[in-house]
Amino acid sequence: MAKILVTRSTLPSIEEYEKELRELWESRWLTNAGQKHKELTDNLKEYLKAGEVELFANGHLALEIALQALELEGEVITTPFTFISTTNAIVRNGLEPVFCDIDRERWTIDTDKLRKMITKKTSAILAVHVYGIPCDVEAIESIAKEYGLKVIYDSAHTFAANYKGRSISSYGDISMYSFHATKVFHTVEGGALVFNDSGLSERIRHLRDFGLCLGGEEADEIGMNAKLSEFHAAMGLCNLRHIEESVDRRKAASDRYDSHLKGVPGIEIFPDIEGLERNYSYYPVVFSGKYNRDEVLEKLAQHDIAARKYFYPLTNRFKSFAGKYDHFKTPVAEAVSDNVLCLPLYSDLDLCDVDKICNIILS
């Protein structure tokens with residue numbers, strides 16, 4: 001039997017992608033914001049009901065530029081319960097990450113604790129929507145307004161998710177999406193910044209292209225090369241056409257998991273959040289009681305089933321930050337990180353495989 005992977009990329013038909021590529025062969029315009037780049041930007045604006053969308057080579061570079069474009073200084077309050085990219089983007093901008101613990105119910109940044117961590121050095125909040133679960137955006141908005149802080153959301157997990165009738169990307173000053181191959185929507189590699197302040201667009205594009213100006217004869221800022229190629233944009237155009245179908249198929253697999261695991265003592269699954277239209281990007285489980293996360297992981301591996309300890313470890317536990325940013329106490333994040341496991345979930349996951357995975361766990 002073939003190995004069941006924790007994730008598997010969704011792809012259009014080869015014929016659909018080839019049709020997009022033929023136009024590239026004819027134009028020979030392969031990068032530098034060509035026609036496919038423009039089409040994908042426009043289509044994403046419409047799909048997300050967004051004021052501005054800027055595309056990037058990957059989500060991490062998009063996040064770095066978001067922080068740079070907002071001209072932040074000092075401290076940025078964030079969460080260690082995330083992928084290391086979030087923390088790296090802060091540090092690589094010369095900013096200091098201040099790690100706030102997470103809410104035990106949502107697994108996102110705890111807004112009560114966040115308020116207590118604000119100092120005169122705080123310039124922004126970089127919160128993370130995890131597994132498609134939105135942060136308490138209303139509380140964050142209120143706190144940010146009270147203290148005059150910028151809000152950036154790491155929305156890598158939330159494409160196609162809506163909260164209270166709005167795209168999750170509509171909250172905050174800037175939201176970052178990852179379009180990595182494992183995401184609900186992907187361009188193989190890619191990312192985007194979504195925001196409403198049109199005044200930021202030119203600066204973001206400027207930083208994305210080395211900080212060059214005067215026709216490339218001068219650079220007035222230190223930017224980077226973070227452009228999305230036409231080949232990647234072409235894949236995005238194809239995948240966006242099928243996004244609803246992909247989400248529906250993920251939902252079917254997620255619902256099948258729920259039918260086995262919901263209500264089982266020692267197994268905590270995706271929380272119920274009023275107003276959330278889910279994108280079914282991940283199927284996280286937090287184990288307790290008679291269930292041991294690492295034993296479950298090993299048992300699944302014995303049956304050629306891949307699961308992932310995601311997020312583990314916390315980013316403030318990485319060696320790269322030892323002695324610098326590892327002194328913050330985040331006991332809830334540690335407890336969840338030590339016991340969470342993401343089970344296989346992708347659009348063409350066989351429901352019989354879901355049954356098999358659950359039977360192994362429950363046995």
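This is a predicted model: local features need pLDDT of at least 70, side-chain atom pairs count only at pLDDT 80 or more; totals for chains, interfaces and linings use all residues.
Close-up 1. As a bit of background, side chains of opposite charge can pair when their charged atoms come close. Counting through the model gives 22 salt bridges, and the next views pick out a few of them.

**Close-up 2. Glu20 meets Lys36.** Here a salt bridge joins Glu20 and Lys36, with 2.5 Å between the closest N and O atoms. Glu20 sits in helix H1 (residues 14–27) and Lys36 in helix H2 (residues 35–48), so this pair ties together parts that are 16 residues apart in sequence. Are these two residues buried or exposed? Both Glu20 and Lys36 are buried.

**Close-up 3. Lys36 also pairs with Glu23.** Stay with Lys36 and you'll find a salt bridge to Glu23, where the closest N and O atoms are 2.7 Å apart. Once again H2 and H1 are involved: Lys36 belongs to helix H2 and Glu23 to helix H1, so the pair ties together parts that are 13 residues apart in sequence. Lys36 has 2% relative accessibility, so it counts as buried. Glu23, at 38% relative accessibility, counts as partly exposed.

**Close-up 4. Glu268 and Arg104 link distant parts of the chain.** The side chains of Glu268 and Arg104 form a salt bridge, 2.8 Å from N to O. Glu268 is in strand E12 (residues 267–268), while Arg104 is in the loop between strand E3 (96–99) and helix H5 (111–116), 164 residues apart. Glu268 counts as partly exposed at 25% relative accessibility, and Arg104 is partly exposed too, with a relative accessible area of 34%.

**Close-up 5. Three strands make an open sheet.** The strand order is E7-E6-E13, and the pairing is antiparallel. Strand E6 (residues 162–163) pairs with E7 in the antiparallel sense over two bridges. Look for Tyr163, which stands opposite Arg166 in E7.

**Close-up 6. A look inside the largest cavity.** How much space lies in the largest cavity? About 60 Å³. The model has one cavity of 30 Å³ or more. Its lining residues divide into five nonpolar, six polar and one charged. Among the residues lining the cavity are Ala156, His157, Phe159, Lys183, Asn279 and Tyr282.

Conventions
Residues are numbered from 1 along each chain as its sequence is written. Side-chain values use heavy atoms; hydrogens and water are left out. On a 1 Å grid over the protein atoms alone, a cavity is a set of points where a 1.4 Å probe fits but cannot get out, and a pocket is an open set with protein on both sides within 12 Å along at least five of seven lines; lining residues have an atom within 4 Å of a point. Grid points are joined across faces, edges and corners, and a volume is the space filled by probe spheres set on the points. Ala, Val, Leu, Ile, Met, Phe, Trp, Tyr, Cys and Pro count as nonpolar, Asp, Glu, Lys and Arg as charged, and the others, Gly among them, as polar. Two strands pair if DSSP finds at least two bridges between them. Helices (H or I, at least four residues) and strands (E, at least two) are DSSP runs, numbered from the N terminus. A salt bridge is a side-chain nitrogen of Lys or Arg within 4 Å of a carboxyl oxygen of Asp or Glu. Buried means under 20% relative accessible area, exposed over 50%, partly exposed in between (1.4 Å probe, protein chains only).
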